[in-house]
Amino acid sequence: MCSLIQKYNVPGPRYTSYPTVPYWDIASFSGKQWEASLRKSFIESKGEGISLYIHLPFCEQMCTFCGCHKRITKRHDVEIPYLKALLQELDLYITLLGEKPTIKELHLGGGTPTFFAPENLGWLLQQIFRKAHKAQDAELSFEGHPNNTTKSHLQALYNVGFRRVSYGVQDYNSTVQKAINRIQPFEQVEKVTQWAREIGYTSVGHDLIYGLPFQTLEDVAHTIERTNALRPDRIAFYSYAHVPWIKGNGQRGFKEEDLPSATTKRQQYELGKKQLESMGYKDIGMDHFALPEDELYMASTQGKLHRNFMGYTPSKTQVMIGLGTSSISDSWYAFAQNTKSIEEYQELVGNGVIPVFRGHILTDEDTIIRKHILNLMCRFKTEWQQEDAAFINKQAIQERLQEMQNDGLLIMDDKGIQVTPEGQPFIRNISMALDLKLQRKKPETKLFSMTI
């Protein structure tokens with residue numbers, strides 16, 4: 001396996017969308033097209049409900065590993081104006097759709113959602129559920145910072161229906177934590193994990209990162225051992241993406257030479273995956289592990305797993321609306337991203353304008369390729385359909401995948417592609433063979449994080 005990891009360790013997209021953002025046809029995009037695509041999709045999938053992603057961009061301090069869009073501030077008077085703007089944006093979308101949508105899935109991301117006071121978060125969600133229906137089986141989740149998630153946060157969100165929380169742990173070594181400016185002792189993570197379970201949360205996740213500055217193989221092994229002591233229901237085991245040319249000074253809190261070598265990073269991944277599986281966690285897809293009784297794993301075994309800009313989810317909605325700065329929405333036929341400036345965002349929605357600044361309208365080819373990449377990412381297989389013939393060149397794909405097939409990573413025939421268990425860690429590499437945008441025009445590889 002180690003030789004294969006080294007062989008296929010190339011830059012590649014994470015495929016939370018297709019086409020990926022670097023290949024969006026921004027010049028041909030318009031807000032009117034986006035709105036029309038959203039209305040069409042909402043009508044088509046009305047019985048399905050929608051997903052709602054809410055971006056809460058504020059943090060009290062900079063974590064130097066973070067690649068998210070955020071605003072560093074200790075001023076909490078920013079909370080109410082921003083929350084009111086979110087509700088104004090939701091009103092704009094409800095007007096566009098022509099009726100109250102049913103929310104099947106809702107996620108609070110950031111930034112740091114728990115930057116906001118518990119009573120303010122509770123108020124926001126109460127207002128949202130007055131404006132929209134909440135599905136009976138709605139999945140509500142949020143990202144919690146262990147250092148500022150209080151029992152009051154957990155209780156306030158539980159009271160409005162939240163049952164899943166994901167804590168950003170990263171690593172337990174003090175040297176690593178200092179380098180990434182995230183001092184976070186095990187005891188704090190243990191406390192907030194126990195609080196969530198005491199209150200009644202049914203799924204607690206921990207996010208871990210490998211490839212961090214000063215991080216060793218021993219650090220990864222130690223972090224996973226400590227994590228297993230708390231037995232979270234889900235574990236995300238991410239590769240650190242070092243992109244200071246995109247994120248500016250936020251990722252320059254250490255020197256390039258402080259990062260693990262490519263060889264060490266590969267070993268960290270291999271070690272972590274082996275540890276997690278030996279502890280009973282199931283590999284359900286790229287970077288994600290879950291206990292057998294967790295809903296995400298069960299969805300993967302039942303063919304219900306879905307992937308979008310919120311990552312892996314246990315169910316699919318055709319419509320996903322992103323509220324807040326930098327949020328991305330998905331109508332299945334188009335993608336649209338909000339402005340990244342907080343001031344511009346609040347001004348636009350205050351003036352009754354949906355704050356989209358760029359996007360992509362999918363072509364028929366895009367839709368076909370997207371379907372197959374999504375099948376591979378979520379089910380490790382895909383089958384060719386008659387309508388694919390105009391866009392799928394099976395011979396060309398076969399040629400690009402032949403070496404991987406020789407290495408036992410997949411089986412491809414006239415019916416489709418089946419990824420083998422040995423090939424699952426290389427699902428990004430396999431998906432890249434179908435990515436026609438990538439094959440035709442390769443942007444700077446800096447735009448992508450490493451495959452592992």
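Contact is taken here to mean heavy atoms within 4.5 Å. Axes are lines fitted to C-alpha atoms, for helices over the stretch in contact, and angles run from 0 to 180 degrees between N-to-C directions. Helices (H or I, at least four residues) and strands (E, at least two) are DSSP runs, numbered from the N terminus. The structure is a predicted model, in which local features need pLDDT of at least 70 and side-chain atom pairs count only at pLDDT 80 or more, while totals for chains, interfaces and linings use all residues. Residues are numbered from 1 along each chain as its sequence is written, and side-chain values use heavy atoms, with hydrogens and water left out.

The protein chain contains 16 helices and 19 strands. Its C-alpha atoms occupy a box of roughly 60 × 50 × 40 Å along the principal axes. Of the 452 residues, 58% are buried, that is, under 20% relative accessible area with a 1.4 Å probe, protein chains only. Among contacts with a separation of 6 or more, 73% join residues 24 or more positions apart.

An open sheet of three strands, paired in the antiparallel sense, has the order β17-β19-β18; two strands pair if DSSP finds at least two bridges between them. Strands β17 (381-383) and β18 (410-413) stand at the edges with a single partner strand each, so one side of each has no neighbour in the sheet. On average, neighbouring strands of this sheet are turned by 10° against each other, direction ignored. Three antiparallel bridges link β17 to β19 (residues 416-419), and E383 has G416 in β19 as its bridge partner.

Two helices lie across strands of this sheet. Helix α13 (residues 364-379) lies across β17 and β19 and runs at about 145° to β17. Helix α14 (residues 394-406) lies across β18 and β19, at about 155° to β18.

Elsewhere, the axes of helix α5 (residues 151-159) and helix α7 (residues 186-199) come within 10 Å and cross at roughly 30°. The crossing of α5 and α7 is right-handed, the near helix being turned clockwise from the far one by less than a right angle. In this pair, K151, L154, Q155 and Y158 of α5 meet V192, W195, A196, E198 and I199 of α7.

Key
Buried < 20%, exposed > 50% of the residue type's maximum accessible area, 1.4 Å probe, protein only.
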